[in-house]
Amino acid sequence: MIGFLIQRVLQALMVVIAMSIIVFLGVYAIGNPIDVMIDPASDQALREALIHRYGLDRPLIEQYFVFMNNMLHGDFGESFIYRLPVINLIFSRFPATLELALTAMLIATCLGIPLGLWAGYKPEALSSRAIMAFSVLGFSVPTFWVGLLLIMVFAVELGWLPSGGRGPTTTVFGIPMSITSLEGWSYIILPAFNLALFKLGLLIRLTRAGTSEVMSSDFVRFARAQGLSEGKVVGLHVLKNISIPIVTVFGLELGSTLAFAVVTETVFNWPGMGKLIIDSITVLDRPVMVAYLILVVFLFVLINLVVDLVYGQLDPRIRVKAAS
Amino acid sequence: MSDAVLKVRDLRTQFHTKAGALKAVDGVSFEVARGRILGLVGESGSGKSVTGYSILGLIEAPGEIAGGEVLLDGVDVTRLKGEALRRVRGAKIAMVFQDPMMTLNPVLKIGTQMIAAVRAHDKVSRKVAWERSRAALAKVGIPSPEERLDAYPHQLSGGMRQRVAIAIALLHSPAVIIADEPTTALDVSIQGQILAEVRRLADDTGTAFVWVTHDLAVVSSLADDICVMYAGKVVETGAAAEVIASPRHPYTAGLLASVPAEHEPGERLPQVPGSTPSLANLPPGCAFAPRCFKAGPACTTTPPVQHFEGGRTALCHYPIESDSCPPPSSTSAAYQNAS
């Protein structure tokens, strides 16, 4: 177990290093951030001074090591644009994204798994066909378009829900939250549903595929031959067997939702990290980009680690392999 | 056999395919009495497993039971649905499947699966259910059952898993257990132990067994009665010892002739020529006629059920007569000549 964790942490470090090099090189190749930041009319001396101030006149390899050295000391640098420590900038936006992503995953899971189970359990039923048709729409219709449609219907036409923004937040353990108040929910529900739609389609299809496979297995037949009720057959035997692919996809989707909720955040004007990274890319705010992407890598590694640990709980055969 | 607990009468099970309805089970009838073991024998595709599934109502679309009845203590199981059928399964008729690697859920502990099986019919606490599971494992000869309850199926050998499956089948002391080739996937010594265990259980508890198998050696050492199936039909019935000593139906004779133990080592084994016909494309009359060494002109018409002494029957125009009963070697010679 300890060996497994150490191996994982080392892997994560390698990924972070590789990632930082790629981002550094990539941003360097795109252009000089000073050109974007500075007024084109300013003179060469001011330009040189700024370049020198940000250390951009030094060789790339040196810039990289300075950056990495600072990072190891917990200093991710300062945003070129906001003149704020990057870490503060990111964590001021992180709770909003986290809340949105978790709500979206909750919606996708609570709807997707039961619907998928039903569609796999009764594949011929009309309701199952409707569910499957919906799931195709879920991951083939573009997110921004659905977002606009949701705003049109629920905010503009019906006027039930606000069209965007985060609304009032209450502070819980120092973190601003929307979902603690009913009004907060009225703001989060549309973007969360919009974000959930793709994952919902995916989870429905995944659950259905697993269910229809497990339903035809010998142990389900044996469970029925023992007189187990259909509820028990599905709830006990099927659910546990299909959970591994579901947990895998759940983890990956949670990670990508946290990192790349950009489209939904833009459509609903949600003040999350997605908007921050898009803004940083436009102005080549390198410290923010690098730090953000390293945070994303860290999140993915963390989620994958949790997923791997959950596997062992779900399937004893995997546990044996890990132990040996 | 008026005290039969299970009476199967003219059971018909069909599978609807593009090629039309396939009659996997076509008018099968047999009876099993308390504490008796019936060997349901046949080759792959003869419909013996489907018969077993039909008895428990485990046939799924595109299959359906097209007719006949399965009387369990006078109640027709084929007419039961939903909750009523669930109450019978596992409690009055239980089933053990062929492959012990597949019949236990790999991700649930043995204990979890057994407790669920107990509580499917008896509303008892988990503790009581656990205790009953432990007792059931002990009954089928599993050492240290407490530890086994806490194990996952992959931690047990194939023989142990099949014993667990049998223990699960025994949990509610059912009147009948359908065993679908439960020892086929096991090695011979384990098979022998399990057969002895089953014989003892049938004698002690009065549970009737329907032992579905293709293995005549198993049947001869285990079963009281035999029912030989071919292409969805019962072709011969009778007491096991008598059928094996003097088969009436040429097909049974052919099966017996190809048992390796009856022959000199190194000698070429006689085979029944040809292979089991496709259910979609059965010959008219007797389905076995094209492979039969005794086939005659009448065989293109539906064969009659012929009765013999000792309650034996054979579905044949030209059954093998008892006084002219050929010993296994001459039967094999007949088959070798025919092939």
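Modeller: Two residues are in contact if their C-beta atoms, placed from the backbone, lie within 7 Å. With that rule, take chain A. Among its contacts with a separation of 6 or more, 72% are between residues 24 or more positions apart.

This is a predicted model: local features need pLDDT of at least 70, side-chain atom pairs count only at pLDDT 80 or more, and totals for chains, interfaces and linings use all residues. Residues are numbered from 1 along each chain as its sequence is written, while chains are lettered from A and ligands numbered from 1 in the order in which they are written.

Start with the make-up of chain A. It has 14 helices and two strands. Both are DSSP runs numbered from the N terminus (helices: H or I, at least four residues; strands: E, at least two). The C-alpha atoms of chain A fill a box of roughly 85 × 60 × 35 Å along the principal axes. Chain A has 324 residues, and 33% of them are buried (20 or more other C-beta atoms within 10 Å of the residue's own).

Now the division of chain A. Domain 1 covers 2-72, and domain 2 covers 93-323. The bounds come from an automatic or database domain assignment. Taken over C-alpha atoms, the centres of domain 1 and domain 2 of chain A lie 33 Å apart. The two domains of chain A touch: 15 residues of domain 1 are in contact with 13 residues of domain 2. On the domain 1 side, two or more residues come from each of α1 (2-30) and α2 (33-37) of chain A. The largest share of that side comes from α1(A), with 11 residues. By class, the domain 1 side of this contact in chain A has 12 nonpolar residues, two polar and one charged. Ala, Val, Leu, Ile, Met, Phe, Trp, Tyr, Cys and Pro count as nonpolar, Asp, Glu, Lys and Arg as charged, and the others, Gly among them, as polar.

Next, the partner. Here 20 residues of chain A are in contact with 25 residues of chain B. On the chain A side, α9 (218-225), α10 (230-259) and α14 (316-323) each supply at least two residues. The most comes from α9(A), which gives six residues. The side of chain A that touches chain B has seven nonpolar, six polar and seven charged residues.

What does the partner look like? Chain B has 12 helices and 12 strands. Its C-alpha atoms fill a box of roughly 65 × 45 × 40 Å, again along the principal axes. Of the 339 residues in chain B, 50% are buried. Residues 24 or more positions apart make up 67% of the chain B contacts with a separation of 6 or more.

Pairing needs at least two DSSP bridges between two strands. Strand β1 (residues 4-17) of chain B is joined to β2(B) by 11 bridges, antiparallel. In that pair, B:T17 stands opposite B:G20 in β2(B). A hairpin joins β1(B) to β2(B) through two residues. Strand β4 (residues 63-72) of chain B runs antiparallel to β5(B), with two bridges joining them. There, B:L72 stands opposite B:V75 in β5(B).

Notes. A residue is buried if 20 or more other C-beta atoms lie within 10 Å of its own, exposed if 12 or fewer, and partly exposed in between; C-beta atoms are placed from the backbone.
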